[in-house]
Amino acid sequence: MRAYRLIGAGQAEVLDLPRPEPGPGEVLLRVLAAGVCRTDLALLRGGGDGLALPVTLGHEIVGEVVERGEGVATPERGALVAVYELLGCGRCRACAGGRDNVCRDVSPGAIGITRDGGMAGHVAVPARNLVALGDVDPVHAAPLTDAGMTALHAVERGRPLLDPGATAVVTGIGGLGHLAVQFLRATSDARVIAVDVDRARLDFAADIGADEGVLSGPDAAGAVLAANGGCKVDVVFDFVGAQESLDLAAEITGRGGAIVVTGGGGGRLSITAQMGAGRAPDREVAIVHTFGGTRGELVRALALAEAGLVRTQIEVHELAAAGRVLADLEAGKVLGRAVLVP
Ligand SMILES: [Zn+2]
Ligand SMILES: [Zn+2]
C-alpha cells in the first residue's frame, strides 16, 4: 500500500509499505478518506520534535473495517467507521468516559502523530477508538474527526454563556472555524460574528450562517463592538491563537464572558492581577485553553452532519498529492478542509 510518511523536518514522501497487521484489540481499516490538518503542516515543518520517525501522517480518518485483531468482536467486517484520534492511557476515569483529551495519566498521543495514521491505503487502529460513521459521506466526515470534534468541544466550553441574546465571535474561518460557525448556528441562538484576515473567508462565513464579518487588523476591535451595538461580546472562540487574535479577544470580551482558545498560533494571553493594567481581559472573564475533544463530541458532530445541520467544506485530492496539498494549506489556498483519498 502507499502511505504518506513523515521522515524528518521538511521531509515527507509517499512510499510503498506492506499493509499493517492489526494487533490484539485493534482493527485494520481500508482508508476511505483522510483530512489534512495544520498540525500535519507543523509536523512537516518542525520534523515532529521528539516523535518516533518515520510515521504515517493522517489523524482525520474514515474507513471500512476489513480485519479484526485478537479479542475484537465488533464492529463487523464491512462496517464504516470514523476514528477517534486521541490516545490517552485508556484506563483512567477520563479515558473510560471517552475523554482522552483530558487524560491525566499520560500526555495524550494521536493516531497519525504518535503512531501510523490514515494517509495510507490501510491503517491499524485500536477498536476502542472506532465510532460508527452513520449516513455521512466519508470525504465530508473525515474532517469531523479532528476539526469538527475540536470545534464542537470549544463551542461546548463556551456553551453556558450562549443564551439567546448572546454574541459569539469566531476568529479564523479555516478548517475548525468554518465548522464552529455552523455548530453555533445549529445548536444555539447566539449571534455570530466572524473574524478573519481574508475577505473571501468572511463571505464564506456569511454563506454558512455568520451574522457579521469583521476583517482582522488594527480596527478589528472597534468593528466588532460596532457590529454588536457598541457592546463587548460574550464568548470569543479563537481558532488562530496568534498574539494579534488573542489581543483582540482580550479587548472585545465583556465582563462575565469567556475566551476559548483552540488555535495554536503561539500567542500569549494572560491575566494581570492588578486593576487597569495592560491588554489583559476584563475581570470575570474566563479563559479556557482547549485540546481536541471527547468521543461523545465526535459522535455528536457526525450526528449533526447526518441531520444536514453541518456541512464540511472540502476539496478532495489523491493521496499522491499530499505534499502539494500541504503547500496549498500553508499558502492559505485551502477553503475549509482538504481531504485525501487513497
Ligand atoms: Zn488536527
Ligand atoms: Zn487516561
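Author: Donors are N, O and S atoms within 2.8 Å of the metal (3.2 Å for Na, K and Ca), and since water is not among the atoms, sites may look incomplete. In this structure, which is a predicted model, local features need pLDDT of at least 70 and side-chain atom pairs count only at pLDDT 80 or more, while totals for chains, interfaces and linings use all residues. Residues are numbered from 1 along each chain as its sequence is written, chains are lettered from A and ligands numbered from 1 in the order in which they are written, and side-chain values use heavy atoms, with hydrogens and water left out.

Reader: Which residues coordinate the zinc ion (ligand 1)?

Author: The zinc ion (ligand 1) is held by Cys37 through SG, His59 through NE2 and Asp146 through OD, at 1.9 to 2.2 Å. Along the sequence these donor residues follow the spacing C-x21-H-x86-D. Helices (H or I, at least four residues) and strands (E, at least two) are DSSP runs numbered from the N terminus. Cysteine 37 sits in the loop between β3 (26-36) and α1 (38-46), and histidine 59 in the loop between β4 (55-56) and β5 (60-68), so the pair ties together parts that are 22 residues apart in sequence.

Reader: Are cysteine 37 and histidine 59 buried or exposed?

Author: A residue is buried under 20% relative accessible area, exposed over 50% and partly exposed in between, using a 1.4 Å probe and protein chains only. Cysteine 37 and histidine 59 are both buried.

Reader: Which residues of α1 are buried?

Author: In α1 the buried residues are Asp40, Leu41, Leu43 and Leu44. To see how they are arranged, one takes the arc of the directions from the helix axis to the C-beta atoms. Viewed down the axis of α1, the buried residues fall within an arc of 160 degrees, so they line one face of the helix. Contact means heavy atoms within 4.5 Å, and what covers the buried residues of α1 includes β1 (2-8), β2 (11-16), β3 and α10 (322-330). After α1 comes glycine 47, whose phi is positive, near 75 degrees.

Reader: How should I read a strand such as β9, and which way do its residues point?

Author: In a regular strand the side chains alternate between the two faces of the sheet. In β9 (residues 122-126), His122, Ala124 and Pro126 point one way, whereas Val123 and Val125 point the other way. Five of the five residues of β9 are buried, so the strand is largely enclosed by the rest of the structure. Two strands pair if DSSP finds at least two bridges between them; β3 and β9 run antiparallel and are joined by five bridges, with leucine 28 standing opposite alanine 124 in β9.

Reader: What is the order of the strands in the open sheet of six strands?

Author: The order is β13-β12-β11-β14-β15-β16, with parallel pairing. At the edges are β13 (212-215) and β16 (286-289), each of which pairs on one side only. Angles here are taken between N-to-C directions and run from 0 to 180 degrees, with axes that are lines fitted to C-alpha atoms, for helices over the stretch in contact. Direction ignored, neighbouring strands of this sheet are turned by 15 degrees against each other on average. Strand β12 (residues 191-196) pairs with β13 in the parallel sense over four bridges, and isoleucine 193 stands opposite glutamate 212 in β13.

Reader: Which strands does α4 touch when it packs on the sheet?

Author: Helix α4 touches β14 (233-238), β15 (253-261) and β16, and its direction makes about 155 degrees with that of β14. Helix α5 (residues 177-187) lies across β11 (167-171), β12 and β14, running at about 165 degrees to β11.

Reader: Which residues touch the most other members of the largest nonpolar core?

Author: A nonpolar core is a set of buried Ala, Val, Leu, Ile, Met, Phe, Trp, Tyr and Cys residues joined through side-chain atoms within 4.5 Å. Here the largest core has 74 residues, of which Val170, Phe183 and Phe237 touch the most other members. Helix α4 (residues 147-158) gives this core its largest share, six residues. Apart from it lies another core, of 17 residues, among them Ile193, Val195, Leu248 and Ile252.

Reader: Where is the peptide bond between leucine 53 and proline 54, and what is its omega?

Author: The bond joining leucine 53 and proline 54 is cis, with omega about -5 degrees, and proline 54 has its place in the loop between α1 and β4. Threonine 74 and proline 75 are also joined by a cis bond, with omega near -5 degrees.
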